[in-house]
Amino acid sequence: MPHRTIVITGASDGIGAAAARNLAKAGERIVVVGRSREKTAAVAAELGADYFVSDFAELAQVRELAAALKEKYPRIDVLVNNAGGIMGAHELTVDGHEKTFQINHLAPFLLTTQLMDVLTASGATVINTASAANGFGRLELGDLNSSRKYSTNRAYGTAKLANILFTSELQNRFGGAGIATAAFHPGVVATNFAAESTSWMRHAYKTVINRFLLTPEQGADTLVWLATSTPGQDWVPGAYYAKRALAKANKQAYDAGLARELWDRSEEMVSAGEPAERSELDNV
């Protein structure tokens, strides 16, 4: 049986790197995507894998990444949208979107939709790294950039809620075309994902509390399980998981109408920065 191609974003460190190592040992063909060229190249070299560097704070780089992946891989069996993290004070990206929301939601939304023809043709599984932090998020379609009210933790929770809504709506729209999706909570893992933030949570990664956190390998367990098991048989497509079991999410996560509206609004937000020539071609 030929090796499957598994693309993992945020794979230069933490649970992404741990999952990449685990899946590579199982014989999968791993494609490592990260923001740091040095760290991403190091993980790829260790695994003998291909790698791409992309900063999700700039949507043009996400489009370039999607184009490069489509050119090199006619088949993608699993896409893992794992890149993300907690940010600091309110900040807009070069694309004009609140940084936490863009990096954690809009960028993976754009990457996935740009790859949709390859993903559907491959009957791919799309796995989105969410978080139990979705519980203190609140999605307001009229203020996705958190212009009226912002806190570091709420912005992160809202972005993780968006991940779950995106997962369910992706399944709703493309499940019939062969896509299978899942979101998951990795647990509280000892990584540096909050290092650049102003959140109180960053202190947990620098104190004695750190020794009680999960290892990246433990945090990657549900991701690896979703990537290597059978959707519809071992897990429910479109659902949210933790510890290999269905998990309860924010009540907004079960609002199908909100999921549809978030998808439409996300399309508008990511298309706003597309090159003019691309838009003209779309209208031909």
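These notes go through the fold, the sheet, the cores and a few local features of a predicted model.

1. **Overall make-up.** The protein has ten helices and eight strands. It holds 284 residues, and 53% of them count as buried. Among contacts with a separation of 6 or more, 71% join residues 24 or more positions apart.

2. **Sheet order.** The eight strands form an open sheet with mixed pairing. Read across, the order is S3-S2-S1-S4-S5-S6-S7-S8. Strand S3 (50–53) and strand S8 (245–246) stand at the edges. Each has a single partner strand, so one side of each is left without a neighbour in the sheet. As background, strands of a sheet pair through backbone hydrogen bonds, either parallel or antiparallel.

3. S2 and S3 are parallel, with four bridges between them. Val-32 has Tyr-51 in S3 as its bridge partner.

4. **S6 against S7.** Strand S6 (residues 180–185) and strand S7 (residues 239–242) run parallel and are joined by four bridges. Opposite Ala-183 stands Tyr-240 in S7. Check the two faces of S7 as well. Ala-239 and Tyr-241 point one way, while Tyr-240 and Ala-242 point the other way. All of these residues are buried.

5. S7 and S8 pair in the antiparallel sense over two bridges. Ala-242 faces Ala-245 in S8. The two strands form a hairpin with two residues between them.

6. **Backbone angles in that turn.** Most residues other than glycine have a negative phi. Lys-243 is not a glycine, yet has a positive phi of about 50°. Lys-243 lies in the loop between S7 and S8. Arg-244 is in the loop between S7 and S8 too, and its phi is also positive, near 60°. How exposed are these side chains? Lys-243 counts as exposed because its relative accessibility is 77%, where the cut-off for exposed is over 50%. Arg-244, at 43%, counts as partly exposed.

7. **Helix H6.** H6 is mostly covered, with 19 of its 23 residues buried. The helix packs on the sheet and touches S4, S5, S6 and S7. Its direction makes about 160° with that of S6.

8. **Helix H4.** H4 lies across strand S1 (5–9), strand S4 (78–81) and strand S5 (125–129). It runs at about 165° to S4.

9. **Largest nonpolar core.** This core has 49 residues. Those that touch the most other members are Phe-56, Leu-69, Phe-101, Leu-111, Leu-115, Leu-119 and Leu-139. Two or more residues each come from strand S2 (29–34), helix H3 (59–72), helix H4 (99–114), helix H5 (116–122), H6 and helix H9 (256–271). H4 gives the largest share, seven residues.

10. **Around Leu-111.** Which residues does Leu-111 contact, leaving aside neighbours within four places in sequence? They are Thr-9, Phe-56, Val-62, Leu-65, Ala-66, Leu-69, Leu-79 and Asn-81. Phe-56 and Leu-69 are also listed with Leu-111 among the core members that touch the most others.

11. **Second core.** A separate core of 29 residues is also present. Its members include Ala-11, Val-78, Ile-127 and Ala-182.

12. **Asp-255.** This residue lies in the loop between S8 and H9. Asp-255 is partly exposed, because its relative accessible area is 39%. Asp-255 and Ser-168 are 87 residues apart in sequence. In space, their C-alpha atoms are 9.8 Å apart.

Notes:
Residues numbered from 1 in each chain as written. Predicted model: local features only at pLDDT ≥ 70, side-chain atom pairs only at ≥ 80, totals over all residues. Heavy atoms only, no water. Buried < 20%, exposed > 50% of the residue type's maximum accessible area, 1.4 Å probe, protein only. Core = buried A, V, L, I, M, F, W, Y, C linked by side-chain atoms within 4.5 Å. Contact = heavy atoms within 4.5 Å. Pairing = 2+ DSSP bridges. Axes fitted to C-alpha atoms, helices over the stretch in contact; angles between N-to-C directions.
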